[in-house]
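Visitor: I'm new to reading protein structures. Could you walk me through this one with some questions and answers?

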Amino acid sequence: MTTRGKHSLARFLAFATALVLSMASAACGNGQQDAGTTSIDTDKVSVSSAAAKSNVIIFTPSDGISISSHTPLNKWAKFAPAITKSLTNAGFQSKNIKVKADGTLTKQSDDVQDYVVNQLSTASDDTNRHTTLIVAPATSGNKGNEQYGDYVTNPADAATYDTEKPASTGNSTDANGNADSPSSSSSSSSSDKSTQTQDGNDKDKANANDEATAAKRLAKTLKLAKKAGAHTIILANPLAGFTPDIFVSMSTPRQIGALQAQQLVSKLALEKTTKMHPKAVEVMIPVGEDDDSTTDTSEAFAKEAFAGIWDVLQPYFKDGRAISPSKRLTATTTDNDWESVAFKASKTAEVKSELDARLNGSSKDSKPLHVDGILGMNDFVSSAVVDELTSLKYTGTAADINPEIEVSGIVGTLTGKHNLNKQAPPKPKDNKQDTTEGEEQTQTDGEGDLSWPILTGYGAYTDMMPDVVNGKQWMTGMEDIQKLSHDIAGATATIEAGKNVTDLSYVKAATINSSKMNTIHEKPMAISASNLKHLLIEPGYISLADAGL
């Protein structure tokens, strides 16, 4: 252990001991005094006045340096400023809001511990009661999952919402399960994969152990902060054994998959489709590389994403209204068959190769198969799909999918002249999908119509916005940063005023890793040309130039 670590630990233990003695003394001296000291007359104290004298410290993972526009808008570097702005709008003083970003969970747990020991230990009880720590636990990077952005809630941490009363904000510690899914997956991956060398196994285990230790230390530190009177809010991924005042759940793999599947159902009008004229749909789910220590996490993500997709699409495949050109999906496909549509996708070339294998047919002389819709999961995949569809000679734009849409109309919408409403695209022109009444529809194996398909993604990559506008990519998605920031600020101000957060409409009871928590969750946004102005340009996420206009 380093000298800094020993000193920090010593201060931490000293503070913990002093806090316990102080609480015991107060309890023995006057049991009623403590209750009177901590209670707040909620009828007299306004939320804004409480916010004005409160401190908020935000701890997030660092994004690293990226000068590329080929990255998701779902980045902590964008979320932290949004939370700060919402806090100031809610009455918090900018001088009392601090933001700290760390590259690893170990460094983050050190910084949180330093703050609790050095600041809360010397502050007055009143100051501590008006302090909120907002923490987004740092997680290991993943070559597959990072394509969606920074905010995804890991599969093991997904919330199950209750219809019962909201959970209490007490110091419950009965959460079980792993809060830091990548570290857990790294540990299991490093011990189970026989193809790795012993040195590689030892390194992975050491890294996993370091993160597990850091996660436990962070949870213990936050418990100590709560005992000192401070409030806590956890973002995205919870910490095992710790129940915060508020947990903010981000999009789960299942929700991301379901969002795109629902868009395909809507845009392809599958409800009105018959098995005589089925729609051809491909689902592409990326996973990490085999030698990636976090592959198990990526595969867990893929499995959960497919469950969300298949929950929406299965009825259409089962009754024949949807078919798979590559035959990867059939009427008998189940949730357990997710691997049939999963593929390694850490490089653009891998995505192109996968799509080519699915659509280009068995003969070099044959034309690619017709496809009506492609669910690409994220914009990294969908960007490569656009390139490969172009290479395979698929043609068309939004104007071809829906003749009522023209680029000039989209520009008019984005500049506020009028609204743009996309209609469901017409059925394919492929004669091989036409059958006489009473004949049974079969999979089309030959040459197909090469009109451009409906393509979905997620992440709102800036460099993909022109393709969203021109219809090459029908939709993308991202977290509703503004709404979440507003919710977080409102909940923080409510907590600081001593009011009941369960009275807020956006705070719900949820079960996470077997522990009930007060939870904030907003649905991810589905973004297309019709609402891009309202959702991305007006809030300032992108400019008209970013959209290719």
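Predicted model: local features only at pLDDT ≥ 70, side-chain atom pairs only at ≥ 80, totals over all residues.

Visitor: Is Lys393 buried or exposed?

Guide: Lys393 lies in the loop between H12 and helix H13 (398-401); helices (H or I, at least four residues) and strands (E, at least two) are DSSP runs, numbered from the N terminus. Its phi is positive, near 75 degrees, though Lys393 isn't a glycine. Its relative accessibility is 60%, so Lys393 counts as exposed.

Visitor: And Met377, buried or exposed?

Guide: Met377 sits in the loop between strand E11 (373-375) and helix H12 (379-391). Here too phi is positive in a residue other than glycine, near 75 degrees. The relative accessibility of Met377 is 0%, so it counts as buried.

Visitor: Zooming out, what share of the chain's residues count as buried?

Guide: The chain has 17 helices and 16 strands. Its accessible surface (Shrake-Rupley method, 1.4 Å probe, with only the protein chains shown counting as cover for residues) comes to about 23,800 Å², and 49% of that belongs to carbon and sulfur atoms. Of the 549 residues, the buried share is 53%.

Visitor: Among contacts with a separation of 6 or more, what share joins residues 24 or more positions apart?

Guide: A contact means heavy atoms within 4.5 Å. Among the contacts in the chain with a separation of 6 or more, the share from residues 24 or more positions apart is 78%.
One example of residues meeting across the sequence is Trp338, which touches Val287, Glu299, Ala302, Lys303 and Phe306, leaving out residues up to four places away.

Visitor: How far is the C-alpha atom of Trp338 from that of Ala302?

Guide: Trp338 is in the loop between strand E9 (322-323) and strand E10 (342-344), and at 10% relative accessibility it counts as buried. Along the chain, Trp338 and Ala302 are 36 residues apart, yet their C-alpha atoms are separated by 7.3 Å.

Visitor: How far apart are the end C-alpha atoms of H16?

Guide: In H16, 13 of the 16 residues are buried, so the rest of the structure largely encloses it. The expected span of a helix is 1.5 Å times one less than its number of residues. For helix H16 (residues 481-496) that gives 22 Å, which agrees with the distance between its end C-alpha atoms, 22 Å.

Visitor: How many of the residues of H5 are buried?

Guide: Helix H5 (residues 105-120) should span 22 Å, and its end C-alpha atoms are 21 Å apart, which agrees. Its buried residues include Leu105, Asp110, Tyr115 and Leu120. H5 is largely enclosed by the rest of the structure, so here's your count of buried residues out of 16: twelve.

Visitor: What kind of aromatic pair do Trp310 and Phe317 form?

Guide: Rings of Phe, Tyr and Trp (its six-membered ring) pair if their centres lie within 6.5 Å; planes under 30 degrees apart count as stacked, over 60 as edge-to-face and the rest as tilted. By this rule there are six aromatic pairs. Trp310 is buried at 0% relative accessibility, and Phe317 is buried at 3%. Their rings are 5.1 Å apart centre to centre with 45 degrees between the planes, a pair that is tilted.

Notes:
Residues numbered from 1 in each chain as written. Heavy atoms only, no water. Buried < 20%, exposed > 50% of the residue type's maximum accessible area, 1.4 Å probe, protein only.
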